[in-house]
Amino acid sequence: MGVYFILLGIIILQWMLLYPNRIITFNYQIGMRQRKWFCILVCVELICFAGIRTMHIGADTAMYIKALEYLRSIPRENILYAKLIYPFDFEIGYAFLTKICAALSMSNTEFLYLIAMIIYIPVFVFIFYYSSHPLISTLTYFALGIFGYSLGIFRQMIAISIILCGLRYIEERKLLKYCIYIFIAMLFHTTAIIALPLYWLFKFNIKNKLMWIITLEVVILFFSRIIVLFIVKIFPSYAGYINSQYDIQGGSYIMLIIFNIILIIAYYMVRKGQIVYCGMEKLAVNSTICMVYLQIMGYSMGIFGRIIPYYSIFLLILVPCILENLQIKNKPLLHILCIGVLLMMFYYTNNNAMLVPFTT
C-alpha cells in the first residue's frame, strides 16, 4: 500500500502548493486557474500511475491483456473481422476498441495508458466543473474503491466515464441525447442501462420522503435475493454468475452504514437549506438513494457491487458539499479529520491481492 499512499501524498502536496492559504478549509474564492491545474496534474499522474503497472494489477487486467495479445496474434488484415472467443466475447464497443489497438500493434503498456486516459479524463472534467473541493473529491475517489476498480474493470469504468460526458443533457432535460450516451456506454458494458434513472432522479424531491426511502430499504434488505434473481431473468447473460465466485460473497455492512450516514446527513442539510438543492448537487443527493439500494443487492450477489459506482461516483460532488456546509466552529480540524477518515477507508477497502503489492 506504500506506493498508493505516496501517490496520495503527492496529490495533497500539490494542493498545498497551489492553495497555500486554503489547504484544508473551503473557500468560494478558489481560482479557476489553480483548480484547472490541480485537476490536470492529478489526472496526468493517475494516467501515468495506471500505465506503468504490471499486467496483474487489477481485478480483470490480465484477461483484457490476454484478449489484446490474442488479437495481435491474428494477421493484421483479419483483426477487425475476427470473432472474439470466450472469455474474450466482450460488448461490441469494447471489442472494437481492442481490435483497433491490436491492429495498431499497441504494446500492453500503451494499451493501459489509452484505457487510463479514457477513464480518468472525464472523471476530472466532472470534478473540475462540479466539485467545491477537488482534493476531497479525489480522495473520495480513492476511498470508495472506485480508483481500485478503474485499475481492472475497464469496460464498466469506461461506460461510467461516457455517462459522465452525457450528464449535461440531464441538466438540459434532453432525454434523447442522454439516451444516446447511455446506448454508447452500453456498447462497452450492458450494465450502463442502470444509469438511465438518473434522468428522472434529477427531478425527484427528497424532502419529507426519508421514512419512505428507509422503509423501501428495509423491504429490499429482506427480499434482495429475490429481486436479484428476477433481474438475472431479465438479463440472462448474467445467469452464469449464480452459484459462482461472483455470487453471494458475504462481507460486513460497513459500506452500507457509511452510505446511509451520508444519505441522512444530506437529507437534513437539504431540509435546512444548507445544500443548494438544484443542478448537479441535487442529482448527487438523490443518487445516494439508489446507491444504498444497490449496495444492499450487492450482498445478495457480489457482482452487483460493480454497478454501484454508476451512482457512488456522485459522492465526488456530495462529500465536499457536505463538508463545506457542516456548521462546526473549528472547520480546519474537522476537515483534517475527514481526510484521515478517507485515507483509512482507502486502506481498508483496497488492501487486497489484486492491487497490492503495486509493481511496474
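Trainee: Which residues line the largest cavity?
Mentor: Keep in mind that this is a predicted model. The largest cavity is lined by Ala50, Arg53, Leu112, Ile115, Ala116, Ile119, Tyr120, Ser150 and Phe154.
Trainee: Which helix gives the largest share of that lining?
Mentor: Helix 5, residues 108-130. Five residues of the lining come from helix 5.
Trainee: And by class, what is the lining made of?
Mentor: Seven nonpolar residues, one polar and one charged.
Trainee: How much space is in there?
Mentor: About 40 Å³ in the largest cavity.
Trainee: How many cavities of 30 Å³ or more are there?
Mentor: The count comes to one.

Trainee: Switching to packing. What describes two packed helices?
Mentor: The angle between their axes, and the distance between the axes.
Trainee: OK, what are those for helix 1 and helix 6?
Mentor: Helix 1 spans residues 2-18 and helix 6 spans residues 134-143. Their angle is about 170°, and the axes lie 10 Å apart. That makes the two helices roughly antiparallel, as the angle is over 145 degrees.
Trainee: Which residues meet there?
Mentor: From helix 1, Leu7, Leu8, Ile11, Ile12 and Trp15. They meet Pro134, Leu135, Thr138, Leu139 and Phe142 of helix 6. By class, this contact has nine nonpolar residues, one polar and no charged.

Trainee: Now helix 14 and helix 16. At what angle do they cross?
Mentor: Roughly 110°, and their axes come within 9 Å. Helix 14 is residues 279-298, and helix 16 is residues 315-325. The pair is therefore roughly perpendicular.
Trainee: Left-handed or right-handed crossing?
Mentor: Left-handed.
Trainee: Which residues make the contact?
Mentor: Helix 14 brings Glu281, Ala284, Val285, Thr288 and Met291. Helix 16 brings Leu315, Ile317, Leu318 and Cys321.
Trainee: How do those divide by class?
Mentor: Seven are nonpolar, one is polar and one is charged.

Key:
Residues are numbered from 1 along each chain as its sequence is written. This is a predicted model: local features need pLDDT of at least 70, side-chain atom pairs count only at pLDDT 80 or more; totals for chains, interfaces and linings use all residues. Side-chain values use heavy atoms; hydrogens and water are left out. Axes are lines fitted to C-alpha atoms, for helices over the stretch in contact, and angles run from 0 to 180 degrees between N-to-C directions. Helices (H or I, at least four residues) and strands (E, at least two) are DSSP runs, numbered from the N terminus. Angles under 35 degrees count as roughly parallel, over 145 as roughly antiparallel, 65 to 115 as roughly perpendicular and the rest as oblique. Contact means heavy atoms within 4.5 Å. Ala, Val, Leu, Ile, Met, Phe, Trp, Tyr, Cys and Pro count as nonpolar, Asp, Glu, Lys and Arg as charged, and the others, Gly among them, as polar. On a 1 Å grid over the protein atoms alone, a cavity is a set of points where a 1.4 Å probe fits but cannot get out, and a pocket is an open set with protein on both sides within 12 Å along at least five of seven lines; lining residues have an atom within 4 Å of a point. Grid points are joined across faces, edges and corners, and a volume is the space filled by probe spheres set on the points. A crossing is left-handed if the near helix is turned anticlockwise from the far one by less than a right angle, and right-handed if clockwise.
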